[in-house]
Amino acid sequence: MTIQLDGTIGKWSGKKPAWDNGPAPADQPPDKIHIGKVYFDNDGSFLYAFVQCSPSVADRFKETQFSGDIGGIFVDPDNNPDTGSAAEGHSTNPNDRGYKTKIYLALGAVGDKPMAGYQLFRFTGKYLEDNNGFNEEVPHSDQNSFDQNALIAFGKDGVELAIPLDQLGLRAGATARIMIEPSAPDQGTGFTTYKCH
Ligand SMILES: [Ca+2]
């Protein structure tokens, strides 16, 4: 682990965000979390992601203790929109298709404390009406910020996660197409590419 997962944005400040969705809208529902800046990095083992959150996971928990989610990050490890998931909503935009894995960013509670987690789902091509076909759980991909050595943490600025490269089908030199889909309504969808070094 070459990046300390603590949910603070300072260590990313010298990098260019992969997506900058701007500030949260004034009419955002209080139980939702806005995604602002998103950053990626990698080492030989993990893809790292920092997702700026407004409000923070802890502040949202003061508002509601219901579980929910921040959104999804979709990864296409072969940089080809013609392999992988089908188009969402019959869109003709290639940005909306071709993904293999969805990183689902979950919110919840452990006892009376907030938690953030993630789980990976693969596109199977089956049951397209159900999660757009991302319905095969990747074994042992569940991460919960309360577990020791968890691969996700939350802090004052957002959530920070590490995903094993082999679970995403990525390795050094690979270029991934990435789509970021916040769960909060009326927010943009981010598209970017990331080249693993
Ligand atoms: Ca693809």
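**View A. Strand 3 (residues 46-54) is mostly covered, with seven of its nine residues buried.** A residue is buried if 20 or more other C-beta atoms, placed from the backbone, lie within 10 Å of its own; 12 or fewer make it exposed, and a count in between makes it partly exposed. Helices (H or I, at least four residues) and strands (E, at least two) are DSSP runs numbered from the N terminus. The model shown is predicted: local features need pLDDT of at least 70 and side-chain atom pairs count only at pLDDT 80 or more, while totals for chains, interfaces and linings use all residues. Residues are numbered from 1 along each chain as its sequence is written.

**View B. Strand 3 pairs with strand 2 (residues 34-42) in the antiparallel sense.** Two strands pair if DSSP finds at least two bridges between them; here there are seven bridges. Three residues lie between strand 2 and strand 3, and the two strands form a hairpin. Y39 stands opposite F50 in strand 3.

**View C. Strand 3 and strand 10 (residues 158-164) run antiparallel.** Seven bridges join these strands, and V51 stands opposite V159 in strand 10.

**View D. L107 lies in strand 5 (residues 101-110).** L107 counts as buried because it has 25 C-beta neighbours inside 10 Å. Beyond its neighbours within four places in sequence, L107 is in contact (C-beta atoms, placed from the backbone, within 7 Å) with V57, S67, G68, D69, I70 and A116. G169 is 62 residues from L107 along the chain, and the C-alpha atoms of the two are separated by 26 Å.

How values were computed:
Contact = placed C-beta atoms within 7 Å.
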